[in-house]
Amino acid sequence: MTLFEDLKWRGLIKDITSDELENKLNNEKLTFYIGTDPTADSMHLGHLSSFLISKRLANYGHHPILLIGGATGRIGDPRPTDEREMKSIEEIEANIKGLTAQAKKLFGFEVVNNYDWSKDINFIDFLRDYGKYFNINYMLDKDIIKRRLETGITFTEFSYMIMQALDFLHLFETKNCVLQVAGSDQWGNITAGVDLIRKKTGKEAYAFTMPLVTDSTGKKFGKSEGNALWLDESKTSSYELYQFLINAEDEKVMDYLKIYTFLTKEEIENIMAKHNEAKELRIAQKELAKSIITFLHGEESYKRAVYISECLFSGNIKMLTEEEILSTFKDVPHFKFNTCNVVDLLVNNNICTSKREAREFINNNAITINSEKVNDENLIITDSILISDSILVVRKGKKKYFLGIKDK
C-alpha cells in the first residue's frame with residue numbers, strides 16, 4: 001500500500017489542491033508543515049489526529065515542520081459563530097512555551113513560531129507586499145468568511161487568511177516547504193497560501209486537509225462534557241483518557257483506530273474481527289486506549305491507568321495511593337468533613353437532599369464509602385474508615401462520586 005493509499009484508507013484525506021500530490025507523496029521527499037495557534041498551553045485530543053500526520057509522513061521520508069502561531073494567535077482565526085476573545089500577550093507567550101515543549105517532546109521535529117518572521121512587517125509593507133495579491137471577492141467566497149457575513153466579521157479576523165498565507169510563503173521561500181497539511185476547517189486559509197505562492201513566485205505548492213474527527217452525533221471527538229481532553233498528563237490524567245477511550249462508540253472505534261494509531265490495515269482488521277465476536281469485552285477500545293496513552297504518556301502511565309480502572313471496577317479503592325485518588329477524582333464534587341454521622345455527612349455535603357433521601361439510599365445499598373457498602377444509617381465516620389487518614393470517596397448510585405477531605 002502506498003502512502004497516499006494508506007492515508008485514504010485511514011480516512012485522513014478530505015480535499016487536495018492538485019491531483020499531482022498523490023504522486024509527489026508516494027515518490028518524492030517533501031518538506032511540509034502543520035500548525036496550531038497557542039489558544040492553550042497544551043494540545044488536546046482533537047489536535048492529535050492532525051499532528052500524527054507529521055509522523056506518518058516522516059515515516060515515509062518526508063520532512064515535517066510544526067508551526068506554533070505566535071503571530072496568528074495574537075489575532076485569532078474566525079470562528080463560525082462569533083469573534084474569539086483576544087488573550088493577553090502574557091498568556092499567549094506562556095502557551096507558546098508550553099506547546100513548543102510539548103511538540104518537541106511528542107514528535108521531535110523542527111518547531112517554528114510565525115511571530116519570528118511576522119513581527120517586523122510594518123502595515124504599509126503588509127498591504128503592498130501581500131494585501132495586493134488578495135481579491136476581496138475571492139476572500140468573501142471562502143466558506144468560513146461567508147458564514148460570518150450575516151452576523152458580522154471584523155477586519156482583524158478577515159486578515160487572518162492573509163497572515164496564514166504569508167506563513168506558507170515564508171516557509172516555501174526559506175525552507176523549501178511545498179506542502180501544508182491541516183484540518184478541513186482550514187481549507188480556505190491553506191488554499192489562499194497556495195494561491196499567494198503561485199502569484200508571488202510563479203511556482204506550485206500543495207495542500208491537503210483531513211476531516212474533523214467526530215463521534216456518531218457529529219460532536220468533535222475528544223470533547224468530554226464540553227471540556228477538552230488535554231495531551232498534557234498534568235491536565236488530563238492517563239486514567240481520564242483511558243476512561244474516555246474505553247467508552248468510545250462501537251460504530252466509530254474502527255475509524256479511531258485508523259486515525260489515532262500506527263497499526264497496519266491487517267492488524268486493525270484482526271482487532272475488529274475479535275471485537276465483533278464479543279463486543280462486551282471492548283477489545284478494540286482497549287487497543288485504542290493502549291496506543292494513544294502509550295504514545296502520549298508512556299507504557300507505565302498506561303499500565304497505571306488500567307490498574308486504577310480495575311481497582312475502581314472491582315471496588316478496591318483502598319489499593320490506590322492518595323495521589324492516585326486525588327488525581328482520579330479531581331473533577332468530582334469535593335467537600336471537607338469532620339467526624340460525624342453518615343446521614344449528616346450525606347446531607348451536609350449535598351450528596352443527598354434530605355435525611356429521608358439519605359436513609360433511602362443507605363437502605364437500598366446505594367451508598368458506598370471507600371468501596372464499602374453502607375447499610376447502617378447510624379454509622380459514625382471515624383479515622384478508621386479513611387484512606388491515608390484523610391480521604392473519603394463516596395459513591396451514590398452507580399456513577400455519582402464525591403471526594404471528601406478531612407478538615408484539619
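What percentage of the 408 residues in the protein is made up of buried residues? Buried residues, meaning those under 20% relative accessible area with a 1.4 Å probe and protein chains only, make up 49% of the 408 residues. This is a predicted model, in which local features need pLDDT of at least 70 and side-chain atom pairs count only at pLDDT 80 or more, while totals for chains, interfaces and linings use all residues. Residues are numbered from 1 along each chain as its sequence is written, and side-chain values use heavy atoms, with hydrogens and water left out.

**Overall architecture**

- The secondary structure comes to 19 helices and 15 strands, where helices (H or I, at least four residues) and strands (E, at least two) are DSSP runs numbered from the N terminus.
- Taken along the principal axes, the box that the C-alpha atoms fill is roughly 85 × 50 × 35 Å.
- Of the contacts (heavy atoms within 4.5 Å) between residues at least 6 apart in sequence, 71% join residues at least 24 apart.

**Helices H13 and H14**

- Helix H13 (residues 250–260) packs with helix H14 (residues 265–277) at an angle of about 160°, their axes being 10 Å apart; axes are lines fitted to C-alpha atoms, for helices over the stretch in contact, and angles run from 0 to 180 degrees between N-to-C directions.
- That angle makes H13 roughly antiparallel to H14, a term that applies to angles over 145 degrees.
- The crossing of H13 and H14 is right-handed, which is to say that the near helix is turned clockwise from the far one by less than a right angle.
- On the H13 side the contact is made by Asp250, Val253, Met254, Leu257 and Lys258, and on the H14 side by Ile268, Glu269, Ile271, Met272 and His275.
- These residues divide into 6 nonpolar, 1 polar and 3 charged, with Ala, Val, Leu, Ile, Met, Phe, Trp, Tyr, Cys and Pro counted as nonpolar, Asp, Glu, Lys and Arg as charged, and the others, Gly among them, as polar.
- The buried residues of H13 include Lys252, Tyr256 and Tyr260, and the buried residues of this helix pack against helix H1 (3–9), helix H3 (45–59), H14 and helix H15 (283–297).

**Helices H12 and H16**

- Helix H12 (residues 238–246) and H16 pack at an angle of about 70°, with 8 Å between their axes, and they are therefore roughly perpendicular to each other, the term for angles of 65 to 115 degrees.
- The crossing of H12 and H16 is right-handed, and its contact is made by Ser238, Tyr239, Tyr242 and Gln243 of H12 together with Ser301, Tyr302, Ala305, Val306, Ile308, Ser309 and Leu312 of H16.
- By class, the contact of H12 with H16 has 7 nonpolar, 4 polar and no charged residues.

**Individual residues**

- Lysine 396, found in strand E14 (residues 391–396), is buried with a relative accessible area of 13%, and its side chain reaches the backbone oxygen of isoleucine 351 at 2.8 Å.
- Leaving aside neighbours within four places in sequence, lysine 396 is in contact with residues including Glu357, Phe361 and Phe402.
- Serine 54, placed in helix H3, counts as buried at 0% relative accessibility, and its side chain reaches the backbone oxygen of phenylalanine 51 at 2.5 Å.
- Not counting residues up to four places away in sequence, serine 54 touches Phe32, Pro64, Leu66, Phe107 and Phe109.
- Methionine 319 lies in the loop between helix H16 (299–314) and helix H17 (322–328), and its C-alpha atom is separated by 48 Å from that of glutamate 5, 314 residues apart along the chain.

Terms used:
Parallel < 35°, antiparallel > 145°, perpendicular 65-115°, else oblique. Buried < 20%, exposed > 50% of the residue type's maximum accessible area, 1.4 Å probe, protein only. Polar contact = N/O pair within 3.5 Å; in protein donor to acceptor, adjacent residues only side chain to side chain.
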